[in-house]
Amino acid sequence: MSDIASKLVIVSGPSGAGKDTIVNELLKRDSSLSLSVSATSRAPRGNEQNGVEYYFISAKEFLEKSEQGDFIEFARYGSNYYGTLKEDVQKRIDSGKIVILVIEVKGAEGVKKLYPEALSVFIMPPSEEILENRLRARQTEDEETIAKRMCIAKTEIEKSADYDFTVVNDDLQSAVDKVYNIICDNRK
Ligand code: 5GP
């Protein structure tokens, strides 16, 4: 297994499935885990800060970076670009961490092509209805964006079979435990 592949954990799932909440719980639980900070061309939401949730850059800068080969993978999601930065991931691996990539399904496919042994986990919402309710409850997206995200969610769920593991997020604590056990069994 390549050095990098043995340190990567991909977490995907539809917007609103709870992957960010689960990953934040994992980071609190185990300091050997580190979250890759991606670059995106989307605007910050709510209290999001540059360099914390994402590096917020313009679409032009994003495309320049992709031409320079700065990304392990990148994808267009809705009307924005998102990409995993090689340098950010390498820095975390060099400091001895297991790196979690919270990315959508096309990007995950790209990482799996480059690093087939990267561990992949799909976070599944209990139902489409619950997913839509969660997206609405966040009050961070307008109706048009919610409709777009629900549409993307359906195609993402079809891809869940390509992942090494699927965890249904019906109860947060038990979903966190399951993902943590998967990581411990396969990455430590
Ligand atoms: P959001 O706008 O809700 O923060 O993210 C939208 C989607 O983009 C989510 O599914 C999120 O996991 C995904 N995403 C975040 N960063 C990356 C990345 O670096 N690459 C890819 N392919 N997807 C990402």
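Helices and strands are DSSP runs, numbered from the N terminus. I keep to that numbering for this predicted model.

**Entry 1: aspartate 30**

I looked up where aspartate 30 lies. The residue is in the loop that joins helix H1 (19–29) to strand E2 (33–35). Is aspartate 30 buried or exposed? I found a relative accessibility of 9%. Buried means under 20%, so aspartate 30 counts as buried. I then checked what its side chain reaches. The side chain of aspartate 30 comes to 2.8 Å from the backbone nitrogen of serine 32.

**Entry 2: the ligand**

I asked which residues come nearest to the ligand. There are 16 residues around the ligand, and the nearest are Ser38, Arg42, Tyr54, Tyr82 and Glu104. I sorted the shell by residue class and got six nonpolar, four polar and six charged residues. Two strands, E5 (71–77) and E6 (80–85), each give at least two residues to this shell.

Next I looked up distances from ligand oxygen atoms to side chains. For arginine 42, an N or O atom of the side chain is 2.6 Å from an oxygen atom of the ligand. For tyrosine 54, the corresponding distance to a ligand oxygen is 2.5 Å. For tyrosine 82, I also noted 2.5 Å between a side-chain N or O atom and an oxygen of the ligand. How much of the ligand does the protein bury? The ligand taken alone exposes 510 Å², and the protein buries 96% of that area. I also noted that the ligand sits in the largest pocket.

**Entry 3: glutamine 139**

I looked for glutamine 139 and found it in the loop between helix H5 (128–138) and helix H6 (143–158). Its phi is near 55 degrees, which is a positive value in a residue other than glycine. I wrote down the general rule beside it: most residues other than glycine have a negative phi. For accessibility, glutamine 139 has a relative accessible area of 70%. Exposed means over 50%, so glutamine 139 is exposed.

**Entry 4: aspartate 170**

Where is aspartate 170? I found aspartate 170 in the loop between strand E9 (165–168) and helix H7 (172–187). Its relative accessible area is 53%, so I put aspartate 170 down as exposed. I also looked up how far aspartate 170 is from leucine 85. The two residues are 85 apart along the chain, and their C-alpha atoms are separated by 31 Å.

Methods. Residues are numbered from 1 along each chain as its sequence is written. This is a predicted model: local features need pLDDT of at least 70, side-chain atom pairs count only at pLDDT 80 or more; totals for chains, interfaces and linings use all residues. Side-chain values use heavy atoms; hydrogens and water are left out. A residue is near a molecule or strand if one of its heavy atoms lies within 4 Å of it. A polar contact is a pair of N or O atoms within 3.5 Å; within protein, one must be able to donate a hydrogen and the other to accept it, and residues adjacent in sequence count only if both atoms are side-chain atoms. Accessible areas come from the Shrake-Rupley method with a 1.4 Å probe; for residues, only the protein chains shown count as cover. On a 1 Å grid over the protein atoms alone, a cavity is a set of points where a 1.4 Å probe fits but cannot get out, and a pocket is an open set with protein on both sides within 12 Å along at least five of seven lines; lining residues have an atom within 4 Å of a point. A molecule sits in a cavity or pocket if more than half of its atoms lie within 2 Å of its grid points. Helices (H or I, at least four residues) and strands (E, at least two) are DSSP runs, numbered from the N terminus. Ala, Val, Leu, Ile, Met, Phe, Trp, Tyr, Cys and Pro count as nonpolar, Asp, Glu, Lys and Arg as charged, and the others, Gly among them, as polar. Buried means under 20% relative accessible area, exposed over 50%, partly exposed in between (1.4 Å probe, protein chains only).
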